[in-house]
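Open the model in your viewer and keep the selection tool ready. Each stop below says what to pick and what is there.

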Amino acid sequence: MPRSEGQRIFTLILEPVKGCNLRCSYCYSDTDSGAVMSRHTLRVAVESAVQYAQRHDFTKIHILWHGGEPLLADLEFFRQAARMIAELNAGLAFQQFIQTNGLLLDRDFCRFFRKNDVQIGLSLDGPPDLHDALRIYPDGAKSHGRVLDKHRLLTKNGLSAGFNAVITRRSLGREKEIYRYFQALNSGFRVNPLIPMIGSQKSTPELLRQGEYGRFLCGLFDAWTGTEAMRIPISPLDVYLKAILKNATYECQQRPMCVGSNIGVKPNGDAVLCSRFETHILGNINEMNFDALFASPFCETIRQRAEMLTDCHSCAHWTICYGGCPHNALVFCQNPTAKDFFCKDYQLVFGKIRRALNKLNSEGPLQGEP
């Protein structure tokens, strides 16, 4: 999540519904459950986040709406959430984000998002053939064109959106093309490698092998830094660049420890470290407060993880990586205390950025920089 300098931010990741109106072939989520989070659980989640933030001196709460497809919860659900936040008057700043496939957007949703300053991320995997090969409707219909229609609707209603692209084996070798595609849309984007679901083999053919994601990011970095005009933001490259410049972590997946600064809440109130966790439930927010949830045995294991990764401590990138994401370690290695499956990939892209900075210092600006 984006962070402002000088602020302590607690991130509440809410999944109002697990169901989805698409059937993306690589999705790790349960697309069949259409149950919507109750208003009681919603209120408990927001109130608990406020109480926890106040007890632990956080200054801001980020609410990230996730899913499933969160817009399936309907507009009135989000209106009630906005009223709950306003009623709390807790002396904390709030910022809302939503990750959506965008297909249910209409003018009413646009007006609501504009009024409440909700930052929007649209799921789009790049050019039509990449996106439509995997992100389809239940009847097999393609979704790429309809997502672009919704992007135009947002623009027409005075809203901007960033894109989120899932990187699979189909994306390899197309780094420059993908960059140019989003550049033509005049929008920043984020790339994430495909993550499998524990116990599921349906995404296996599309999974990246070790080193492939790193080489993809290096190719994307070349396209990005080689841009002479209209350079657009790319995450996590922009975050990695900042991390290396400041020798600090800005990406949640490379924090020294992620317990206590974020929590994910499923529709039934089950709590997890973040929304990607499906199998390691900390407890239920209707029965336990956040401090009790963070005292669970699983959280204690994650607290000790960085110290346990002794072979990582001598790595040149340790202070900006800390062994990577425990969820990646869990789903790829079946062990949350292992190093991130993408360790080799991080080394490739961190090394690429460091060399580029060294060259910049010795020879002058990168191509396209003033």
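Where does P205 lie? Select P205: the residue sits in the loop between strand 6 (189-193) and helix 7. This is a predicted model, where local features need pLDDT of at least 70, side-chain atom pairs count only at pLDDT 80 or more, and totals for chains, interfaces and linings use all residues. Residues are numbered from 1 along each chain as its sequence is written, and side-chain values use heavy atoms, with hydrogens and water left out. Helices (H or I, at least four residues) and strands (E, at least two) are DSSP runs, numbered from the N terminus.

**Stop 1: P205 and S38**

Show the surface at P205. The residue is exposed, with a relative accessible area of 60%. Buried means under 20%, exposed over 50%, and partly exposed in between (1.4 Å probe, protein chains only). P205 and S38 are 167 residues apart in sequence, and their C-alpha atoms are 37 Å apart in space.

**Stop 2: T225**

Select T225, in helix 7. T225 counts as buried, at 13% relative accessibility. Then pick A356, 131 residues from T225 along the chain. The two C-alpha atoms are separated by 9.3 Å.

**Stop 3: helix 7 against helix 8**

Select residues 212-225 for helix 7 and 237-246 for helix 8. Two packed helices are described by the angle between their axes and the distance between the axes. Here the axes come within 11 Å and cross at roughly 85°. Axes are lines fitted to C-alpha atoms, for helices over the stretch in contact, and angles run from 0 to 180 degrees between N-to-C directions. Helix 7 and helix 8 are therefore roughly perpendicular to each other, a label for angles of 65 to 115 degrees.

**Stop 4: cis peptide bonds**

Step back to S235 and P236. A cis peptide bond joins S235 and P236, with omega about 10°. P236 is in the loop between strand 7 (234-235) and helix 8. Next, go to G67 and G68. The peptide bond from G67 to G68 is cis, with omega near 15°. G68 belongs to the loop between strand 2 (60-65) and helix 2.

**Stop 5: positive phi**

Select D74, in the loop between strand 2 and helix 2. D74 has a positive phi of about 85°, although it is not a glycine. D74 is partly exposed, with a relative accessible area of 36%.

Now jump to Q334, in the loop between helix 12 (326-333) and helix 13 (343-363). Q334 is not a glycine, yet has a positive phi of about 60°. Is Q334 buried or exposed? Q334 is exposed, with a relative accessible area of 61%.

Terms used. Parallel < 35°, antiparallel > 145°, perpendicular 65-115°, else oblique.
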